[in-house]
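Subject: A structure for you to explore

Hi there,

Here is the structure I promised to hand over. Please open it next to this email and have a look around before you read on.

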Amino acid sequence: MYQVVKHNKQQTEERMGNAMKTDIQIAQEAQMAHIRDVAKVVGIGEDELEFYGKYKAKLSDEVWERIKDRPDGKLVLVTAINPTPAGEGKTTTTVGLGQALAKLNKKAIIALREPSLGPCFGIKGGAAGGGYAQVVPMEDLNLHFTGDFHAITSANNLLAAMLDNHIQQGNALQIDPRQVVWKRCLDMNDRNLRNIVVGLGNKMDGMVREDHFVITVASEIMAILCLAEDIQDLKKRLGRIIVAYNFSGEPVTAEDLKATGAMTALLKDAVKPNLIQTLEHTPALVHGGPFANIAHGCNSVRATRMALKLSDITVTEAGFGADLGAEKFLDIKCRKAGFCPDAVVLVATVRALKYNGGVAKEDLGKENLEALKKGIVNLEKHIENIKKYQVPVVVTLNSFVTDTEAENEYIRKFCEEKGCEFALSEVWEKGGEGGIALARKVLDTLENKESHFHTLYPDEMSLEDKIETIAKEIYGARGVVYEPAAKKQLAKITSMGFGSLPICMAKNQYSLSDDAKKLGRPTDFDIHIREVYVSAGAGFVVALTGAIMTMPGLPKVPAANGIDVTDDGKITGLF
C-alpha cells in the first residue's frame with residue numbers, strides 16, 4: 001500500500017536538480033506570521049484562539065457561535081486522477097490555489113486533512129504540500145501537530161481496554177469473544193500488528209482471543225470526529241459504535257460499556273479545528289485525516305463549515321484519486337453535512353498520464369504523444385464521474401520542466417472538448433503567482449457556471465445496489481462479486497436497520513479497479529467484495545474490496561531511514 005512518491009520530492013529531484021532547495025529547507029526558511037495575525041485576516045480575534053505556540057492554534061467554540069448564522073462562501077473541491085509513482089501534486093495544488101486566490105484579493109481559506117505518521121515514515125512522506133505551495137510549520141504538522149491523532153488513538157484503545165475488561169470482570173453483557181469487532185489502533189505502519197493474539201499469560205491477564213490493529217486514520221473514531229457537528233453530536237456518535245455482538249447475535253455498543261463519557265473527555269480538544277498558515281500567510285484549517293482508500297478521505301465537517309462561514313472561497317481536498325476521495329466527499333460528507341460544492345478542480349500531470357499509457361517511470365521525461373493518448377483515458381473517466389454529480393469541472397495540469405508544448409496542448413484540447421475549463425499550474429515552483437491562471441479559471445467557473453450538485457444514489461437504495469452503483473458508475477466495473485461472508489454481513493447489517501446508510505468503499509488507490517496493476521481505464525472487470533461492516537457511529541457501511549488492508553506496512557527502505565535531528569535540534573530528511 002501507499003506505493004506513491006510524493007509529488008514535491010519528485011519535482012525536487014527531477015525538475016530542478018539537486019541544487020534546488022528541498023521542501024523542508026523551504027519550510028524551515030519561511031518567515032511565518034504569528035498565528036494571531038493570520039487569524040485577523042479572516043476576522044478571528046486573539047481571545048477566540050487557543051494557542052499551541054506562536055504558529056498553531058485551535059479555534060474555540062466561541063468563534064462558531066459568533067459566525068454560525070453567516071451565509072456560506074463558495075466551496076471548491078480539489079481532487080486528482082489515480083496516483084502514480086510519477087506524482088500528481090493534489091495538496092500542493094490546493095495550497096497554491098488558495099495562495100493565488102489571496103493574491104487576487106479574494107478572502108480564501110484552505111481546508112486540509114492532517115497527515116498520518118505512518119506514511120511520513122513509510123514511502124509517501126507528509127501532507128503539507130510542496131515547494132512554494134506548503135502549509136507551515138511543516139515539521140509540526142507532519143509529526144505530532146496539536147495531538148489530535150494521539151487523542152483519537154487513546155479514545156480508540158480506551159474503548160478496546162474497557163471491552164476486554166468487561167469480558168474479564170464477569171461479562172454481564174454476555175459478549176461473545178468470537179464476535180468482537182472493535183480493533184485497537186496505532187498511527188504507524190506496522191504489519192506485524194494486523195493479526196495478533198491477546199490475553200496470553202495467567203487467568204488474570206484476560207481472555208485469550210484473536211485481535212487486530214488498524215492504523216489510526218482507519219479508526220471509526222477518526223471518521224466520527226470528522227463528521228461530528230459538535231461535541232454533543234460527537235458523544236452521540238461515539239455511543240453508537242458497535243464493538244461486538246453477544247451470544248444471541250445482538251450488537252453491543254460503546255454506550256452499553258459506559259465508555260462514551262471518558263472517550264469524549266479524551267476528544268474534547270481534538271474536536272476543535274486547527275489553524276495554521278501557508279508560506280504566503282493564507283489561513284489554513286487543518287483538521288482530521290482519514291485515508292481515502294480505507295476510510296472516507298475528507299477533513300472534518302467542522303473545519304469545512306467554519307471555513308465556509310469565514311471566507312468567500314473555501315478550497316478543500318479529498319484523498320487520492322477522484323474515484324475514492326471525491327466520491328466519498330460527495331456521497332458521504334456532502335450528504336451528511338448538507339454541503340453543495342460549487343466547483344471541482346481535477347489535478348493531473350503529463351507524466352502521470354503517460355505512465356497510465358504504459359511508459360516506464362525512467363522514460364517519463366521524454367515526449368510521447370502516443371502514450372499520452374492511451375493514458376488520458378484515466379483523466380477522461382474522472383471528468384465523466386464528476387459530471388455525474390452535475391458540478392462544474394476545471395482540469396489543471398501540474399507542470400514539470402520535462403513537459404513539452406505539444407503534450408500540454410494535446411491535454412488542453414482534450415479537456416476543452418470535454419467541456420472543462422483548463423489551466424496550467426506552476427505553484428510548486430512559484431507559489432501563489434504560479435497559480436494565478438488556475439485561480440482565474442476557478443473564479444470564472446464560480447461566477448458563470450452553476451452547480452446543480454446531487455449525490456450518486458438515494459438513501460433508500462439497498463446496500464447492494466449502492467455498492468453496484470459505485471462500482472459500475474464510478475469505477476466502470478462490469479459487476480460486483482461477493483464473498484459468501486460479505487453477503488451474510490450485508491443481510492445482517494440491513495436487518496439491523498442500517499440499510500439507508502451510504503457506502504464507504506475500501507479500495508486500492510492506483511487503479512479504477514480493485515487490481516492495482518490495471519492502469520488507464522480498465523474494462524470488463526468485476527469488483528470483489530470480501531468483507532462488509534457497519535460504522536454505526538460514523539454513519540456509513542464499509543465495503544472492503546480486493547486485497548485492501550486497514551494496517552499498512554513499511555517498505556524495504558522506509559523514509560524513516562533518512563530522517564534525523566541535528567545537534568541544534570533541526571529536523572532533516574522529512575518530506
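Below is what was found in it, part by part.

First, some ground rules. This is a predicted model, so local features need pLDDT of at least 70 and side-chain atom pairs count only at pLDDT 80 or more, while totals for chains, interfaces and linings use all residues. Residues are numbered from 1 along each chain as its sequence is written, and side-chain values use heavy atoms, with hydrogens and water left out. Helices (H or I, at least four residues) and strands (E, at least two) are DSSP runs, numbered from the N terminus.

Let's start with a sheet. Strands of a sheet pair through backbone hydrogen bonds, either parallel or antiparallel. Here, two strands pair if DSSP finds at least two bridges between them. Strand 21 pairs with strand 23 (residues 540-545) in the parallel sense, over 4 bridges, and M505 stands opposite A543 in strand 23.

Which helix comes within 10 Å of helix 20, axis to axis? Helix 19 (residues 463-475) does, and the two axes cross at roughly 120°. Helix 19 and helix 20 are therefore oblique to each other (under 35 degrees counts as roughly parallel, over 145 as roughly antiparallel, 65 to 115 as roughly perpendicular and the rest as oblique). In contact terms (heavy atoms within 4.5 Å), L463, E464 and I467 in helix 19 meet K487, L490, I493, T494 and F498 in helix 20.

**Salt bridges**

How many salt bridges does the structure hold? There are 36, each one a side-chain nitrogen of Lys or Arg within 4 Å of a carboxyl oxygen of Asp or Glu. One of them joins D164 and R184 (2.9 Å, N to O). D164 lies in helix 8 (residues 148-168) and R184 in strand 8 (residues 184-186), so this pair ties together parts that are 20 residues apart in sequence. D164 and R184 are both buried (buried is under 20% relative accessible area, exposed over 50%, partly exposed in between, with a 1.4 Å probe and protein chains only).

R178 and D176 also meet in a salt bridge (3.0 Å, N to O). R178 is exposed, at 71% relative accessible area, whereas D176 is buried, at 3%.

A further salt bridge links E229 and R305 (2.9 Å, N to O). E229 is in the loop between helix 9 and helix 10 and R305 is in helix 12 (residues 301-310), so the pair ties together parts that are 76 residues apart in sequence. E229 is partly exposed, at 33% relative accessibility, and R305 is buried, at 16%.

**Helix 10**

In helix 10 (residues 231-239), the buried residues are D233, L234, R237, L238 and G239. Their cover includes helix 9 (220-227), strand 13 (251-253) and helix 11 (260-267).

Enjoy exploring!

Note on methods
Axes fitted to C-alpha atoms, helices over the stretch in contact; angles between N-to-C directions.
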